[in-house]
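Student: I have a model open and would like to go through it with you. Can we start with the pockets?

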Amino acid sequence: METYSAPAKIILFGEHAVVYGEPAIAAPFKALQAQVTAMPAPPGSGLSIISAASGLTLHVSLDDGTPDDALVYAAQLVLKALDKPPPDLTLALRSSIPIGGGFGSSAAVSTALMRALSAALGAPLSGEALNSLVYEAERLHHGTPSGVDNTVIVYEQPVYFVRGTPPETFRIGAPLTFLVADSGVSASTRETVSDVRQLYMRDQARYGAIIGEIGDVVRTARALIESGGAPRELGALMNANHDLLRALSVSSAHLDRLCAAARDSGAYGAKLSGGGRGGSLIALVEPDLAPSIAAALRSAGAAQTWLMQLT
Ligand code: MEV
C-alpha cells in the first residue's frame, strides 16, 4: 500500500488576468493536501476509486466516453496515456483541501490520483507528462483554465506563470509571511472565469485595460519579491490587485469585508485569491501581528486561517 499526495495552491497575484496571457505568481500551500492510497484488489475486480468525502465508490472503465465524474476522467486519462487496461486496484482518496475554496482542490486531487495510479502501473508519471494530463483533467472542471493551478501543484514550487510558456521559478529576496483564510463560502471558478469572459467580450477596451493593469501589478510584485523589497509596497500591490479583481466582478461583499478586516488590524495588504466570489483570501502580515489579524479575520466571518511563509 502506498500513499501519494499533492498540495493545495495559493495565487499571490494575477488570477483571472492569467487566463488572458498576463503573468501570475502562485505558490504551493502545503498545509492542505490531497492524498491517494493505492491498494491491490482481488483479481477481476477492476479499478475503483473510493472518495472519503462523498463515501462513494466509483468504477473506472475505459469505454464510458467522457464521464461526468472528474476522478474517473483523471484515471481514464492515465490509462489512455500509458496504454494500459484498468488494473485490479482500489484508490482511496482523502483530502483536507476545501472544495470551491480557491485552493486548487480539483488539480491537487487529480495530481495525487494520477501519481498513485501511474506508480501502481509501474510507469510513474513525473513533471511535464503529469502536468499536461492534470491540465487535461482541469478542462473538465474549468472549461478554459490557464494552467497555473496544475503547474504550481505538480511542481510544488512557487512559480511565475505565463500561459503557454514553461513556468519560471523566481528568487524570494526576503522571507514573506502571509495569512491565508478560507472565506467559508464555496464558489465556482468555472462560473467566475466565464463571467469575466462575458464582460471582456462585451467591452474589450475597458476589461482588457483592467486585465493589463493586473499584469503590471504582477510584474512589479515579482521585482519587489526578488529584491526583498518593502512589505508595505507589496501589500499596497495586493490591495491594488484586489480592487482590479473587484472591477472584474469577482469579489463579493464578504471578501471585501474580510480584506478590510485584515488591513484594519494591521496587515500590509490583502486580496482575494483564486476564482473569487468566495473561496480564499490572502493577507501579507508582520509575523508578530499574525495572531491578532487571524482573530480579526475569524470574527469578520472567515471559516479558518493558516500561516504561510514564503522563503
Ligand atoms: C483559479 O485558481 C485561477 C483563475 O485565474 C483561473 C485560471 O487561471 O484558470 C481564476
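Student: Which element gives the largest share of the lining of the second largest pocket?
Tutor: That is α3, with 4 residues. Before going on, this is a predicted model, where local features need pLDDT of at least 70, side-chain atom pairs count only at pLDDT 80 or more, and totals for chains, interfaces and linings use all residues. Residues are numbered from 1 along each chain as its sequence is written, and side-chain values use heavy atoms, with hydrogens and water left out.

Student: What counts as a pocket?
Tutor: On a 1 Å grid over the protein atoms alone, a pocket is an open set of points where a 1.4 Å probe fits, with protein on both sides within 12 Å along at least five of seven lines; lining residues have an atom within 4 Å of a point. Grid points are joined across faces, edges and corners, and the volume is the space filled by probe spheres set on the points.

Student: OK, which residues lie nearest the centre of the second largest pocket?
Tutor: Asn 131, Thr 151, Phe 161, Thr 165 and Pro 167, out of 15 lining residues. The volume of this pocket is about 270 Å³. Both α3 and α4 give two or more residues to its lining. Helices (H or I, at least four residues) and strands (E, at least two) are DSSP runs, numbered from the N terminus.

Student: And what is the volume of the largest pocket?
Tutor: About 890 Å³. Of its 47 lining residues, the closest to the centre are Ile 99, Gly 100, Ser 105, Ser 106 and His 141.

Student: Which domains does the lining of the largest pocket draw on?
Tutor: At least three residues come from each of domain 1 (2–161) and domain 2 (176–310). Those bounds come from an automatic or database domain assignment. The C-alpha centres of the two domains lie 25 Å apart. In contact terms (heavy atoms within 4.5 Å), 33 residues of domain 1 meet 43 residues of domain 2.

Student: Switching to the sheet, what is the order of its 4 strands?
Tutor: β8-β9-β7-β10, an open sheet with antiparallel pairing. Strands pair if DSSP finds at least two bridges between them.

Student: Why is one side of β8 and of β10 left without a neighbour in the sheet?
Tutor: β8 (269–273) and β10 (304–310) are at the edges, so each has a single partner strand. For β8 and β9 (residues 280–285), the antiparallel pairing runs over 5 bridges, and Gly 269 has Leu 284 in β9 as its bridge partner.

Student: Which helix lies across β7, β9 and β10?
Tutor: Helix α9 (residues 290–299), at about 20° to β7. Axes are lines fitted to C-alpha atoms, for helices over the stretch in contact, and angles run from 0 to 180 degrees between N-to-C directions. Helix α7 (residues 231–247) lies across β7, β8 and β9, at about 40° to β8.
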